[in-house]
Amino acid sequence: MGLPALEFSDCCLDSPHFRETLKSHEAELDKTNKFIKELIKDGKSLISALKNLSSAKRKFADSLNEFKFQCIGDAETDDEMCIARSLQEFATVLRNLEDERIRMIENASEVLITPLEKFRKEQIGAAKEAKKKYDKETEKYCGILEKHLNLSSKKKESQLQEADSQVDLVRQHFYEVSLEYVFKVQEVQERKMFEFVEPLLAFLQGLFTFYHHGYELAKDFGDFKTQLTISIQNTRNRFEGTRSEVESLMKKMKENPLEHKTISPYTMEGYLYVQEKRHFGTSWVKHYCTYQRDSKQITMVPFDQKSGGKGGEDESVTLKSCTRRKTDSIEKRFCFDVEAVDRPGVITMQALSEEDRRLWMEAMDGREPVYNSNKDSQSEGTAQLDSIGFSIIRKCIHAVETRGINEQGLYRIVGVNSRVQKLLSVLMDPKTASETETDICAEWEIKTITSALKTYLRMLPGPLMMYQFQRSFIKAAKLENQESRVSEIHSLVHRLPEKNRQMLQLLMNHLANVANNHKQNLMTVANLGVVFGPTLLRPQEETVAAIMDIKFQNIVIEILIENHEKIFNTVPDMPLTNAQLHLSRKKSSDSKPPSCSERPLTLFHTVQSTEKQEQRNSIINSSLESVSSNPNSILNSSSSLQPNMNSSDPDLAVVKPTRPNSLPPNPSPTSPLSPSWPMFSAPSSPMPTSSTSSDSSPVRPEEAVHEDSSTPFRKAKALYACKAEHDSELSFTAGTVFDNAECPSASTAIFTATLKLRAPPPLTWALPLAA
């Protein structure tokens, strides 16, 4: 129920009802006055709190802006750069938001506090002043009226009239004051409906403007938020894969730490306790020591892990000798003495264990026996980039593209290991591998086929994209812009050996087809990069740093898939010269095991026509006659050309090279065991020496010579007959000829090879292996 209206007509009567109504209006004004007063106080507190909030948020934004992410490795992926930039983006958004908040706070004082204070002072204050005046006039009127009524009627008429006129004037003035007060009370009651509410509305409008600005900032921030969300998810996925790899490496290190040592520039390094003589006696100080065998430099750094700091200056000396200390000559165990060229006296050192002392003395060429603790952990390759290898990959790809291109999780879901190995054994069987037209049976699941493809690529002696180019590909992926990355990877791909590039092109074309069906199989380019990055670009050394670079391996594969047509079908913008290209491929071929076409040659028995045989015998006899005059010089040249074949035995009857069951280990490019002579390139299947001889068949080495004790051989002669048929190739024919009068039908074993040369060779010469 609202307040009753104040009628001006009641002012004259001044009835008790009028007075009660007036009091109710006055009470409402007092209530409004107190409410406005509290509201102004709370508004000021709110503004102060907003200022403190804004200050705190600005400080928070400054902290975000100052923090910089430090990622593991020497470069960051695009996702990591997006995440690292996110803190600065957050800070910018918060600062922009707080700038708008400050404008709202400054505006709040003008639109809320000032109008409310003005209304309270000018309107409610004026009503209070009018009330005071009304109360004063009421008291004056009532006093004069009582005094006038107490006048005696015996007064003179003139006095009574004067008193009556005076009372009328006071009554009239009281009536006017009463009307003005009622008018003011009603005016204030009406004014508060808009002058009190309007500032509050303006304040809320400022809040809405502030929040709308935040909404607009959120809309502008939406694109970056989406990109950041994707980057965070990609980084989380990479973390899961990287974490499992690091955990696996950690377990390997726990099981056998010596087999996973990091390749160090030092011959030996580790902690040793060095005996130091002091005034009060001797003490053993812990040092981190390094030794370089080439320069014989020993560097000793005093360091204690417990204190976490160096205990003195570094010291370097040149090794003169190293001697083991006998156990009975010193109280400490595992000790050895070191003499230096540039320091007088003997330095006594204590190793951490007997094995540690042995390794230090071995490195320093001490008197301890030398034990080679380094193990070649590289397993023998069972897969090659030969015709069999290409056949296997093509069959797998054909099966996937015809039967399972739309299977979800293609290449990510692995098959059962026993099934995968069984399929590989079938595919790698030479009897079935030659059947290029035979497809993989439908009984094999797609996940088994995809796992077999990946396993075969991992079985290669080295990764498909080669160890020596691994760091170059990683550096290319770390370039700042995408165009530079594509260009550099384009150039590197064309530096790969021909077979590696052909296999990589075959694989990338297939993976592009898989990615084109990602809506069905869910295998995007990024997912395929995660699957094939560690397989095609695995590092030569398994370290934490190498695992951290897996994300860049994935990026390289993504670029190859997305740009496969340009990379494999066009020449790079800045191609290498022929000499550089030949040198790089020569190095790459030296650093990997010989392919199927470079395996040791096998003797084959060739049946030729009589005419052809007579011509060949005449050539061989003439060659033998020309050689017989100076056999020693030619033998020397023969041994220099073939350093791995024994030609020192003059009674050698026959050479029996055999084909090994498996390939030799892959020597390091810098290993002294790496071959420095040209490798023979021979066909993987028997090749007849004559185009008309089609019935050649391989024979076992024991069938190359018909050994019979009853038929003595006077002499057996082996020779190499060489003929140049191309500017850069040499046709190479080798065999064993038996000069035996009692056995005119002695067999002749012939095989053919092709020797790759850098320069045109002499046209024809003959070399005997044994006379």
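This is a predicted model: local features need pLDDT of at least 70, side-chain atom pairs count only at pLDDT 80 or more; totals for chains, interfaces and linings use all residues.

Visitor: With which residue does Glu-187 form a salt bridge?

Guide: Side chains of opposite charge can pair when their charged atoms come close. Here the partner of Glu-187 is Lys-184, and the closest N and O atoms are 3.4 Å apart. Both residues belong to helix H4, where they are 3 residues apart, about one turn of the helix.

Visitor: Is Lys-184 buried or exposed?

Guide: Lys-184 has a relative accessible area of 16%. Buried means under 20%, so Lys-184 counts as buried. The pair also belongs to a network of salt bridges that links Lys-184, Glu-187, Arg-191 and Glu-195.

Visitor: How many salt bridges does a search of the whole structure find?

Guide: The search finds 28. Glu-247 is partly exposed at 31% relative accessible area, and Arg-243 is partly exposed at 47%.

Visitor: What separates Asp-135 and Lys-131 in helix H3?

Guide: About one helical turn separates them, because they are 4 residues apart in helix H3, which spans residues 78–149. Asp-135 and Lys-131 form a salt bridge with closest N and O atoms 2.9 Å apart. The relative accessible area is 33% for Asp-135, which is partly exposed, and 28% for Lys-131, also partly exposed.

Visitor: How should I read the nonpolar residues?

Guide: In soluble globular proteins, nonpolar side chains tend to be buried together. The largest nonpolar core of this model has 63 residues, of which Leu-504, Met-508, Phe-532, Leu-536 and Leu-560 touch the most other members. Helix H12, residues 498–516, supplies the largest share of this core, with 8 residues.

Visitor: Which residues is Leu-560 in contact with, leaving aside its neighbours within four places in sequence?

Guide: They are Met-465, Ile-489, Val-493, Leu-504, Met-508 and Ile-567. A second, separate core holds 34 residues, including Cys-11, Tyr-141, Val-188 and Phe-203.

Visitor: Where does Gln-205 lie?

Guide: Gln-205 lies in helix H4, which covers residues 157–255. Gln-205 is partly exposed, with 46% relative accessible area.

Definitions and conventions. Residues are numbered from 1 along each chain as its sequence is written. Side-chain values use heavy atoms; hydrogens and water are left out. A nonpolar core is a set of buried Ala, Val, Leu, Ile, Met, Phe, Trp, Tyr and Cys residues joined through side-chain atoms within 4.5 Å. Buried means under 20% relative accessible area, exposed over 50%, partly exposed in between (1.4 Å probe, protein chains only). Helices (H or I, at least four residues) and strands (E, at least two) are DSSP runs, numbered from the N terminus. Contact means heavy atoms within 4.5 Å. A salt bridge is a side-chain nitrogen of Lys or Arg within 4 Å of a carboxyl oxygen of Asp or Glu.
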